[in-house]
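Thanks for asking me to look this over with you. Here are my notes, in the order I would read them.

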Amino acid sequence: MHDGFAMDTDRAASPEPVFAFTPEVEAETAPLWRRLKSHITPLEWRAHAPLIAKINRLKRQKGAVILAHNYMTPDIFHGVGDYVGDSLGLAREAARCDAKIIVQAGVHFMAETSKVLCPEKTVLIPDLLAGCSLASSITAADVRLIKQRHPGLPVVTYVNTTADVKAETDVCCTSANAVQVVEHVAREWGVDRVILIPDEFLARNVARQTHIGVIAWKGRCEVHERFTGQDILDLRAAYPQAEILAHPECPTEVIELSHFTGSTAAMNDYVLTRKPRQVVLITECSMADNVAVDAVETEFVRPCNLCPHMKRISLRNIYEALLHDRYEVTVEADVIVRARAAVQRMIDMPPPSTPARYDLVKARHHVDVELI
Ligand code: SF4
């Protein structure tokens, strides 16, 4: 036995180490268990706790931090995440913190964004296959073709894109500031149309909030595109008291029928500050699990869709990433410079005076969707 961890002797010949739930591990993780015991079964906890304890020790030894996205499971989000939040919030923390090593508990484009914002740090992702349907819907070559078709129009890119795509664009946006960014660049460039890529639904939902014309791309988030207007009508009928909060990557009919639309950070704030009695979060499954740990006065109705990419990240592969310094995410130096400029332009914009609203319809103009 060492470090409070015991190898399972029956499986000593196995190449896979098995971490046991020793009294030392139990004591070390007891405060966390008290927070999570309404959300994780004792059986699961006995499997998670040894890895959580080991990861947290290894992090301290190596001077590493773990950035955990809102869609990570609660054992990761609450158990080992040093910074938690949405993709942009995590990237900002990556740039601010003084750790030498960053483990991205999220998907590949997020790790790239961390690398772009702090190229001097080692950025690791526990599974290189943790991708994203939205990020993989468009390439840098596609962006160059769109620009050729619409010379003189600014390109606004959602942060859920690869570094190569960010490098081809003028300014990035998030779901929390997309309307503000579109209006700002249109003013600055003196144009009445803006290219907003790659999420078609985000672009359509933004276009309803502004008089600026929007040119979109047919990218979709495979989690949010699956929600339908009928789903929301069924939820309203079954849970008439519930407040329904949707993510702006959902189809417009879903937004129209929901009570509130906002980024994962905005949903989190909504629940924690307004304390609704009953709520439905129309987004990835782990979001409600994570918010519920702190929102003790709210009952969560949980229809949800899993993101298969986010779910590639586990305590086990986070532990392996820290132990073996793998898998390092690299971005070419010239791409870093150009992608960083696009992200920095967004960061330098004045923060929105009010949080993004998707329910105040200003315009119903046609949205052009590019097909190449
Ligand atoms: S939830 Fe959607 S946008 Fe986020 S990583 Fe999964 S597929 Fe991509």
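**Notes on the model**

1. The chain averages a pLDDT of 92, and 94% of the residues score at least 70; pLDDT is the predictor's confidence in each residue, from 0 to 100. This is a predicted model, where local features need pLDDT of at least 70 and side-chain atom pairs count only at pLDDT 80 or more, while totals for chains, interfaces and linings use all residues. Residues are numbered from 1 along each chain as its sequence is written.

2. Now look at I76, which lies in helix α3 (residues 74-77); helices here are DSSP runs of H or I, at least four residues, and strands are runs of E, at least two, numbered from the N terminus. I76 is buried because 28 other C-beta atoms lie within 10 Å (buried takes 20 or more, exposed 12 or fewer, partly exposed is in between, with C-beta atoms placed from the backbone). Leaving aside neighbours within four places in sequence, the contacts of I76 include A105, I313 and I318 (a contact means C-beta atoms, placed from the backbone, within 7 Å).

3. Where is I76 relative to G190? Their C-alpha atoms are separated by 46 Å, and the two residues are 114 apart along the chain.

4. Helix α15 (residues 333-348) has 16 residues. Its buried residues are V335, I336, A339, R340, A342, V343 and M346. Among the elements covering them are α5 (108-117), β5 (155-158) and α8 (178-189).

Definitions and conventions. Expected span 1.5 Å × (residues − 1). Contact = placed C-beta atoms within 7 Å.
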